[in-house]
Amino acid sequence: MIEKLRLTTRLVDDQDEALRFYTEKLGLVKKADEPFGSDNRWVTVAPEQDDTVEIVLELPGWSEDEEEADRRAAMVGEQPALAFTVDDCQATYETLRERGIEFTAEPREQPYGIEAIARDLYGNGVVLVEHTPETEAT
């Protein structure tokens with residue numbers, strides 16, 4: 001049986017730039033930054049309080065042929081968003097805007113709580129979700 005999600009991948013054009021964005025702007029922490037193979041790095045980040053899932057910041061095509069690399073790179077904008085649970089969506093939204101994060105949707109009520117949506121440097125969705133007492137029961 002599947003027990004839990006361990007890793008998810010974000011395709012990025014520049015690992016150093018992505019690492020700065022995810023740590024300095026979003027406030028995640030670097031979990032790993034190790035050489036991987038001859039020319040690559042294994043770079044992961046995660047929320048400081050959550051050591052169960054890490055986000056791999058991967059260069060497109062590091063292990064595929066050219067056609068597969070092009071196909072994966074084209075999918076970057078189509079990837080599902082990363083959704084992060086936050087205690088206070090409005091306060092987190094304001095903090096991240098002050099750090100230069102651009103949002104495509106301001107905090108708003110949804111059936112599952114309060115949500116705000118941003119994009120990372122490469123167009124990947126970043127969703128903040130605050131579960132309200134009304135939505136925690138569902």
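Colleague: In what order do strands S5, S6, S7 and S8 stand in their open sheet?

Modeller: Strands of a sheet pair through backbone hydrogen bonds, either parallel or antiparallel. Here the order is S5-S8-S7-S6, and the pairing is mixed. Strands are DSSP runs of E with at least two residues, helices are runs of H or I with at least four, and both are numbered from the N terminus. Two strands pair if DSSP finds at least two bridges between them. This is a predicted model, where local features need pLDDT of at least 70 and side-chain atom pairs pLDDT 80 or more, while totals for chains, interfaces and linings use all residues. Residues are numbered from 1 along each chain as its sequence is written, and side-chain values use heavy atoms, without hydrogens or water.

Colleague: Which strands stand at the edges?

Modeller: S5 and S6 do; each has a single partner strand, so one side of each is left without a neighbour in the sheet. The twist averages 20 degrees from one strand to the next.

Colleague: In what sense do S5 and S8 pair, parallel or antiparallel?

Modeller: S5 and S8 (residues 125-130) are parallel, with four bridges. To find the place, look for Thr85, which stands opposite Val129 in S8. By contrast, S6 (residues 103-110) and S7 (residues 113-119) run antiparallel, joined by five bridges. Phe103 faces Ala118 in S7, and two residues lie between S6 and S7 in this hairpin.

Colleague: Which strands does helix H3 touch?

Modeller: H3 (residues 89-98) packs on this sheet and touches S6, S7 and S8. Contact means heavy atoms within 4.5 Å. The direction of H3 makes about 170 degrees with that of S6; axes are lines fitted to C-alpha atoms, for helices over the stretch in contact, and angles between N-to-C directions run from 0 to 180 degrees.

Colleague: What is the order of the strands S1, S2, S3 and S4?

Modeller: They form an open sheet too, in the order S1-S4-S3-S2, with mixed pairing. Its edge strands are S1 (7-11) and S2 (29-36). S2 pairs with S3 (residues 40-46) in the antiparallel sense over seven bridges, and Phe36 stands opposite Asn40 in S3. Helix H1 (residues 15-25) packs on this sheet, and its direction makes about 10 degrees with that of S3.

Colleague: Which residues of H1 are buried?

Modeller: Buried means under 20% relative accessible area, exposed over 50%, and partly exposed in between (1.4 Å probe, protein chains only). In H1 the buried residues are Gln15, Ala18, Leu19, Phe21 and Tyr22. Because they cover an arc of only 160 degrees around the axis, they lie on the same side of H1; the arc is that of the directions from the helix axis to the C-beta atoms. Their cover includes S1, S2, S3, S4, S5 (82-85) and S7.
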